[in-house]
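The tour goes stop by stop: select, look, move on.

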Amino acid sequence: MLLGWAGVEITGITTVADPAGRRAAYVAHLLHLADRDDIPLAAGAEVSSTTLGQADPVIDERQWPASITPRPSPPGAALDLLERSLDAGATLVAIGPYTNLALLEITRAGSLNRQPVVVMGGWVQPPMPGLPQWGPDMDFNVQWDTRAAEVVASTAQLTMVTLPATLNAHLSRADLPRLRAAGPLGQLLARQGEAHGQAYQMEKLGSEHSGLPDDLLNFQYDPVACAVALGWAGATVEDMRLRALQRDGVLSFEPHSKGRLTRVVVDVDGAAFRETWLSAVDAATRY
């Protein structure tokens, strides 16, 4: 989506939860399909700073070619790339766990207050009626590395694109023909969407909730976060003072008069986002 969004400059991409650089190799493959090998890329943290656990990437020929070779980076390369992006005036967008951002702040204090930071995740309010009533334990980006999430929440110029809000934005089976017509990049996204839908029985989930399409394949968590970072008008954003709250090892955020001022996405216009996303993917294939 970012590749096809007019006026956007991507200063770099880092990966996280990336043992041996396999996720970085996936990013490189996607960039090659879009003829954008010029974008700097670095593999980041391999393990959670909270648990030292790994989160292995999907290895599935329906989603990624088996021939892709892992692409590790030297230690610190991801932090250097993030710092160069901040020097260029970039907004940082985290669509995975926040480990790289926390390491940047810990090793180079004050970094996260230099430019806006937008993260996908951060549990504040429950989902709206008609949507799955998931709790904060489903907020993978936060729960995989709670220590990193607390560092980012306490130091950054932060916007949280909460998981409940993004449940309004969907990838559905009806989108697949348009994706398949968008060249190799769109065809990859179509295959991945279909494979995800089958693996997680997403159409069954859709049929069980009135706020979801019956042909649901996935939720557009990460693209919505990127769109919010670009100032997309279809998100409802509120300023809140939040403090981190951990219960039984699960981290969420609650409004508190002494909390840190945070921009929080509380709603998303899913229908408008669908067209925004598809149009940007179409445009990305023409560059």
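Select Lys 204 and Glu 208. Their side chains form a salt bridge, with the closest N and O atoms 2.6 Å apart. Keep in mind that this is a predicted model. Lys 204 is partly exposed, at a relative accessible area of 46%. Glu 208 is also partly exposed, at 47%.

Zoom in on one of its links. Glu 194 and Arg 180 form a salt bridge, and their closest N and O atoms are 3.1 Å apart. Colour by helix: Glu 194 sits in helix 8 (residues 183-199) and Arg 180 in helix 7 (residues 176-180), 14 residues apart. Glu 194 has 23% relative accessibility, so it counts as partly exposed. Arg 180 is partly exposed too, with a relative accessible area of 41%.

Next, select Asp 87 and Arg 114. Their side chains meet in a salt bridge at 2.6 Å, N to O. This pair links distant parts of the chain: Asp 87 belongs to helix 2, while Arg 114 lies in the loop between helix 3 and strand 4, 27 residues apart. Are the two partners buried or exposed? Asp 87 counts as exposed, since its relative accessibility is 55% and the cut-off is over 50%. Arg 114 reaches 36% and is partly exposed.

Show the second largest pocket, which has a volume of about 200 Å³. Which residues lie nearest its centre? Select Ala 43, Gly 44, Ala 45, Pro 75 and Gly 76; the lining has 17 residues in total. Colour the lining by class: 10 residues are nonpolar, 5 polar and 2 charged. Helix 2 (77-87) and helix 3 (99-107) each supply at least two lining residues. Helix 2 gives the most, with 3.

Switch to the aromatic rings. The whole structure holds 5 aromatic pairs. Select Trp 134 and Phe 219. Their ring centres are 5.7 Å apart and their planes stand at 85°, so the pair is edge-to-face. Trp 134 lies in the loop between strand 4 (116-120) and helix 4 (140-143), and Phe 219 in strand 7 (residues 216-219), so the pair ties together parts that are 85 residues apart in sequence. Trp 134, Phe 219 and Tyr 221 form one aromatic cluster.

Another pair to select is Phe 140 with Trp 144. The rings are tilted, with 6.4 Å from centre to centre and 35° between the planes. Phe 140 is partly exposed, with a relative accessible area of 43%. Trp 144 is buried, with 10% relative accessibility.

For the last stop, select helix 10, residues 221-229. Which of its residues are buried? Pro 223, Val 224, Ala 225, Cys 226, Ala 227 and Val 228 are. Then step just past the helix to Gly 231. Check its backbone: Gly 231 takes a positive phi of about 85°.

How values were computed:
Residues are numbered from 1 along each chain as its sequence is written. This is a predicted model: local features need pLDDT of at least 70, side-chain atom pairs count only at pLDDT 80 or more; totals for chains, interfaces and linings use all residues. Side-chain values use heavy atoms; hydrogens and water are left out. On a 1 Å grid over the protein atoms alone, a cavity is a set of points where a 1.4 Å probe fits but cannot get out, and a pocket is an open set with protein on both sides within 12 Å along at least five of seven lines; lining residues have an atom within 4 Å of a point. Grid points are joined across faces, edges and corners, and a volume is the space filled by probe spheres set on the points. Helices (H or I, at least four residues) and strands (E, at least two) are DSSP runs, numbered from the N terminus. Ala, Val, Leu, Ile, Met, Phe, Trp, Tyr, Cys and Pro count as nonpolar, Asp, Glu, Lys and Arg as charged, and the others, Gly among them, as polar. Buried means under 20% relative accessible area, exposed over 50%, partly exposed in between (1.4 Å probe, protein chains only). Rings of Phe, Tyr and Trp (its six-membered ring) pair if their centres lie within 6.5 Å; planes under 30 degrees apart count as stacked, over 60 as edge-to-face and the rest as tilted. A salt bridge is a side-chain nitrogen of Lys or Arg within 4 Å of a carboxyl oxygen of Asp or Glu.
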